[in-house]
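Thank you for asking me to look over this model. My comments are set out below as numbered points, which can be read alongside the sequence and the structure.

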Amino acid sequence: MVVNDEDRYLMLSGLQHFQFCKRQWALIHIEQQWEENVRTIEGQHLHHKADQPFLKEKRRDKLIVRAMPIQSKELQLSGTCDVVEFIQDPDGVGLAGVEGTYKVYPVEYKRGKPKKGDEDVIQLAAQAMCLEEMMLCRVDTGYIFYNEIKHRIEVPISDMLRDQVKQMAAEMHHYYDKRHTPKVKTGPFCKNCSLQHICVPNLMHKRSVQSYIEGRLGE
Amino acid sequence: MRKLLNTLYVTQPDTYLALDGDNVLLLKGDEKLGRLPLHNLEAIISFGYTGASPALMGYCADRNIAITFLTQSGRFLARVIGESRGNVVLRKTQYRISDNEEEATKIARNFITGKVYNHKWVLERMTRDYPLRIDVEQFKIVSGQLSDILREVRNSVSMESLRGWEGQAAVYYNRVFDQMILQQKEDFFFHGRSRRPPKDNVNAMLSFAYTLLAKDTAAALETVGLDAYVGFMHQDRPGRASLALDLMEELRGIYADRFVLSLINRKEVTASDFVTKENGAVLMTDEARKTFLKAWQTKKQESITHPYLGEKISWGLVPYVQSLLLARFLRGDLDEYPPFLWK
Ligand code: SF4
């Protein structure tokens, strides 16, 4: 049997959902449920500029590529980098059709401001790992640009972060292979979830249906 | 819970529906009849041989706004669906169960439990509200018979016996239905159900109410990612939204029947709202249909506490919430499907 590996690839952007809530990730990526809401629409809007495939911009020692498709065999993930910056550096790698050697920096654009959780950082690390695999280079640093503070922050791609990404990707594939939407601990974060009308988080604490029916019938 | 959006009912014949920005434009020839923002709508139901532009259909399909075309008398013609965006995993589970009588019976049992239970409480409610107008003793007897049937339903392990008990329950319930008509007795009476065609005013109204309920339920099922056409109890038949029919069983009495009764009892419809055809078929006039639809929309806005969720929702969301609960059960989040048990 011929297995097309790439069919197994999951969306890299799912990492942020998975980190936020495993159930949310499963609802979106396994069950393909998606509720349009303010968040996603705002997100699309912001991405528009970053979303022009292969638009290259050259600024002295810097080459900027937008909407670059990326993937990783090891992680079995694929996606798009909002922006990849190549900065000329003697320790860097060569690029097809361009003179000189370059170091590689992924840049992710986010609506809002830096979050308490790791979800943005994880996604960036996964992008870095994809780029390393595709370009045979080392990516030590990436950036996240936050729209609300109009400012980018530097993120070192540590080994700990890489391990976390690997573990999450493996877990995602495990759920995906079983097509299983996990039940999870709900919490205050559900209030910010765009899928709460589909998920109905308070259902997860409800009494059994059997006792509900028996209760009503017995009255 | 989700917000209840409006349903647009297009009843004027020969109206063409077009897309105009984010609005639906109603046209009659070159004349503009109206323009409505689509973001307030969750469904469009068009009566009569009207048409819609492909642009509008595409827009609605993308945004989960159901468009259904019916004949002037409410018979189903077509509905518009987009590229299937539904939930494949969920649908496969649904199909698997639909082909497995044992598992399907477990769900059907809860649909019928809901139906019989709710019919019983329609009767109980009558004895409380109108003890001087109805034969309370007879109602209590029937209510007791329905309780007995409920017990049998709970113990049923085959679809055949479920259908049998459901039929028996209908016989008992229909026997006292006529007594629930408290006004205009000479024009409105119930001697049994007639469907194709309805042969009296009450049956004409019941048919119309069931049609609306079925459309609302089908749209709700599709919204949560289920296939409205593959049922557990009603068998597949071309053009029949079997799952919608299954799911609405528990809502017929408390939703549709009570609605029709209240229109008669509040004298919001009268004998002049109906015409009898040569073949004995009774039809509602266009004017009556408008009154009916307006009251139906108002009913949808009324609120109720969901018996299982314990949350306040509007009546109009009940089909949606039940669809959601069914989906949750199919996904394995619930131990059984919780029917809407009204009181
Ligand atoms: S509502 Fe809560 S539990 Fe459900 S998907 Fe969203 S975050 Fe996760």
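The points that follow go from chain A and its ligand to selected residues of chain B.

1. The first thing to keep in mind is that this is a predicted model.

2. Of the 219 residues in chain A, 44% are buried. Among the contacts in chain A with a separation of 6 or more, 58% are accounted for by residues 24 or more positions apart.

3. Helix α2 of chain A, which covers residues 22-29, deserves a separate look, since it is mostly covered, with seven of its eight residues buried. The buried residues are Arg23(A), Gln24(A), Trp25(A), Ala26(A), Leu27(A), Ile28(A) and His29(A). Within chain A, the buried residues of α2(A) pack against β1 (10-11), α1 (14-20), α5 (159-178) and α6 (196-199), and they also pack against α9 of chain B.

4. Where does the ligand sit? The ligand is placed in the largest cavity, and it is surrounded by Phe20(A), Cys21(A), Gln24(A), Val184(A), Thr186(A), Phe189(A), Cys190(A), Cys193(A), Gln196(A), Cys199(A) and Pro201(A). Sorted by class, this shell holds eight nonpolar and three polar residues, with no charged residues. One of the surrounding residues, Gln24(A), also belongs to the buried residues of α2(A).

5. Two residues of chain A call for a check of the backbone. Most residues other than glycine have a negative phi. Leu136(A), however, has a positive phi near 50 degrees; it is found in the loop between α4 (119-135) and β6 (141-146), and it counts as exposed because its relative accessible area is 73%, against a cut-off of over 50%. Lys150(A) likewise has a positive phi, near 50 degrees, and its place is in the loop between β6 and β7 (151-156). With a relative accessibility of 57%, Lys150(A) is also exposed.

6. Turning to chain B, Ala327(B) has its place in helix α9, which covers residues 318-330. Is Ala327(B) buried or exposed? At 1% relative accessibility, Ala327(B) counts as buried, because buried means under 20%. Leaving aside residues up to four places away in sequence, Ala327(B) touches Leu90(B), Val224(B) and Leu226(B). The C-alpha atom of Ala327(B) is separated by 7.9 Å from that of Gly225(B), although these two residues are 102 residues apart along the chain.

7. Leu247(B), which lies in helix α7 of chain B, is buried as well, with a relative accessibility of 1%. Beyond residues up to four places away in sequence, Leu247(B) touches Phe111(B), Thr217(B), Leu221(B), Pro319(B), Gln322(B), Ser323(B), Leu326(B) and Tyr337(B). Sequence separation should be read with care here, for Leu247(B) and Ile134(B) are 113 residues apart along the chain and their C-alpha atoms are separated by 30 Å.

8. Which residues does UniProt list for "binding site"? The record, an unreviewed entry, lists Glu166(B), His234(B) and Glu249(B) under this heading. They are spread over 84 residues of sequence, yet they cluster in space, the largest C-alpha distance being 12.8 Å.

9. The listed residues can be followed further in the model. His234(B) has its place in the loop between α6 (201-223) and α7 (242-265) of chain B, and its relative accessible area of 19% makes it buried, because the cut-off is under 20%. Glu249(B), by contrast, is found in helix α7 and is buried with a relative accessible area of 4%.

10. The contacts tie these residues together. Not counting residues up to four places away in sequence, His234(B) touches Arg240(B), Ser242(B), Leu245(B), Asp246(B) and Glu249(B).

How values were computed
Residues numbered from 1 in each chain as written. Chains lettered and ligands numbered in written order. Predicted model: local features only at pLDDT ≥ 70, side-chain atom pairs only at ≥ 80, totals over all residues. Heavy atoms only, no water. Near = heavy atom within 4 Å. 1 Å grid on protein atoms, 1.4 Å probe; cavity = no way out; pocket = protein on both sides within 12 Å on 5 of 7 lines; lining within 4 Å. Sits in = over half its atoms within 2 Å of the grid points. Nonpolar A, V, L, I, M, F, W, Y, C, P; charged D, E, K, R; others polar. Helix = DSSP H or I, 4+ residues; strand = E, 2+ residues; numbered from the N terminus. Buried < 20%, exposed > 50% of the residue type's maximum accessible area, 1.4 Å probe, protein only. Contact = heavy atoms within 4.5 Å. UniProt positions renumbered as here; feature names shortened; annotations may be inferred.
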